[in-house]
Amino acid sequence: MPTSDRTEARFSYEGLDRIIHERARLSVLTSLVSHPRGLAFPDLKRLCGLTDGNLSRHLAVLQEADLVSLEKGYDQNRPQTLCRLTPSGRTRFLDYLGVLEQVVRDAAQAAGRPQSAAGRPQSAAGRPQSAAGKTQSPAGHDRSGLAEPV
């Protein structure tokens, strides 16, 4: 591909997958990637702040796209659905995160903001910022709305 073609579509971000990009599904996938053994439906519902119906619908979309698997079983004689990322779902999600990181780098560069070593935009004080522009603690955690540790 000639260089001029790549520069023309420099900000097209083809890797932003519409299935993943929806807020609730992004929340589900983020929860599942941080719990490799999977999560029971009620735990996933709580972490994502979704209703039973919303979570069920989003899981159906993610399952159809082979991003998650749902295993129905029993826990202490009670029905239980265990939700897990599929191997291909994990790969697609991590690829998607790489594209999001590029979006943040490009936007920070275009805005003239310095980058931290981790590629995150920094505030004027030199502290990393989240993608939403909130200053993060030195450990990299968004501290907005959180009380200081005691």
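**View A. Asn77 in the β2–β3 loop.** Asn77 is exposed, with a relative accessible area of 77%. The model shown here and in the other views is predicted. Asn77 sits in the loop that links β2 (68–75) to β3 (78–85). Its phi is near 65°, a positive value in a residue other than glycine. Most residues other than glycine have a negative phi.

**View B. The hairpin of β2 and β3.** Strands β2 and β3 form a hairpin with two residues between them. The pairing is antiparallel and extends over eight bridges. Asp75 stands opposite Arg78 of β3. In the turn, Gln76 has a positive phi of about 55°, and Asn77, in the loop between the two strands, has a positive phi near 65°.

**View C. Leu82 and the pairing of β1 with β3.** Leu82 lies in strand β3. Strands β1 and β3 run antiparallel and are joined by two bridges. Ala40 has Leu82 as its bridge partner in β3. Beyond neighbours within four places in sequence, Leu82 is in contact with Arg37, Gly38, Leu39, Ala40, Ser69, Leu70 and Glu71. Pro42 is 40 residues from Leu82 in sequence, and the two are 9.4 Å apart in space, C-alpha to C-alpha.

**View D. The two sides of helix α4.** Helix α4 spans residues 41–48, and its buried residues are Phe41, Leu44 and Cys48. These residues lie on the same side of α4 because they cover an arc of only 65° around the axis. Pro42 and Arg46, on the other side of α4, are exposed. Which elements do the buried residues of α4 pack against? They pack against α3 (23–33), β1 (39–40), α5 (52–64) and β3.

**View E. Tyr13 between α1 and α2.** Tyr13 is found in the loop between α1 (3–8) and α2 (18–21). Is Tyr13 buried or exposed? The relative accessible area of Tyr13 is 16%, so this residue counts as buried, the cut-off being under 20%. Tyr13 has a phi near 45°, a positive value in a residue other than glycine.

Conventions:
Residues numbered from 1 in each chain as written. Predicted model: local features only at pLDDT ≥ 70, side-chain atom pairs only at ≥ 80, totals over all residues. Heavy atoms only, no water. Helix = DSSP H or I, 4+ residues; strand = E, 2+ residues; numbered from the N terminus. Buried < 20%, exposed > 50% of the residue type's maximum accessible area, 1.4 Å probe, protein only. Contact = heavy atoms within 4.5 Å. Arc of directions from axis to C-beta. Pairing = 2+ DSSP bridges.
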